[in-house]
Amino acid sequence: MQPKSKRKRPFNPKLFLSKASGGKTSSEYRTNDRIFVPGDTAMDIFYIQKGKVKLTVLSKQGKEAVVAILGVGDFFGEGCLAGQPFRPSTATAMSECSVMKIEKAVVLGLLHKEPSFSDLFVAHLLSRNIKIEEDLVDQLFNSSEKRLARVLLLLANFGKKGQPGSVIPKISQETLAGIVGTTRSRVSFFMNRFRRLGFIHYNGGMKIHSSLLSAVLHD
């Protein structure tokens with residue numbers, strides 16, 4: 001009788017990174033704390049252990065645009081791996097955050113020596129690329145109302161592991177306008193409409209219902 005093969009445990013990036021020796025530090029951030037700003041030297045990659053982080057850019061005219069909303073398990077600042085010398089954007093904590101900073105040399109070593117980490121990092125990059133393509137299509141073809149609905153569903157982790165309809169972190173209408181690419185007044189108008197239709201409600205935070213998906217799918 002052949003012995004039963006041992007079931008391979010799923011790769012735990014948080015545990016793995018916590019055990020990786022040297023070249024990393026963990027820091028706590030409060031809401032609205034800046035993790036880095038444009039012009040900062042790009043020598044590290046960041047990994048979110050708790051909370052949400054937004055990446056923003058500022059035009060010469062002073063207009064801010066939100067280019068990404070990231071959560072637990074996401075990396076950011078990886079541009080330094082491709083030779084980016086300085087940060088082009090601002091990374092800001094949207095809630096209380098725990099972020100691990102990993103030196104570029106350490107990440108490069110892990111990518112070469114640890115297949116599980118390499119697979120995880122490549123999957124992250126591909127996921128980010130797909131998200132950027134989806135955002136571009138969203139901007140080109142969908143109305144600002146549909147774009148707002150999609151952003152709220154993404155913030156509520158709709159379609160990911162865990163139950164949709166959770167209370168999302170506090171986020172201002174100015175920030176939502178920056179993500180959607182519209183004005184605060186339009187965001188306010190659509191948010192009031194979503195509330196009247198029962199797609200969202202406020203009770204110590206904003207709760208997103210899966211029924212909001214109808215606003216995205218409806219032509």
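Which residues does Leu-212 touch, not counting residues up to four places away in sequence? In this predicted model, local features need pLDDT of at least 70 and side-chain atom pairs count only at pLDDT 80 or more, while totals for chains, interfaces and linings use all residues. Residues are numbered from 1 along each chain as its sequence is written, and side-chain values use heavy atoms, with hydrogens and water left out.

Leu-212 is in contact (heavy atoms within 4.5 Å) with Ala-149, Leu-152, Leu-153, Phe-194 and Phe-199, leaving aside residues up to four places away in sequence. Leu-212 also belongs to the largest nonpolar core, a set of 25 residues, and is one of the members that touch the most others, together with Leu-148, Leu-152, Leu-176, Met-191, Phe-194 and Ile-208. Such a core joins buried Ala, Val, Leu, Ile, Met, Phe, Trp, Tyr and Cys residues through side-chain atoms within 4.5 Å; buried means under 20% relative accessible area, exposed over 50%, and partly exposed in between (1.4 Å probe, protein chains only). At least two core residues come from each of helix H4 (144-155), helix H5 (173-180), helix H6 (184-196) and strand E11 (206-208), and H4 gives the most, with six. Helices (H or I, at least four residues) and strands (E, at least two) are DSSP runs, numbered from the N terminus.

Leu-140, in helix H3 (residues 115-141), is exposed, with a relative accessible area of 56%. Asn-32 sits in the loop between strand E1 (24-29) and strand E2 (34-36) and is likewise exposed, at 58% relative accessibility. The phi of Asn-32 is near 80°, a positive value in a residue other than glycine.
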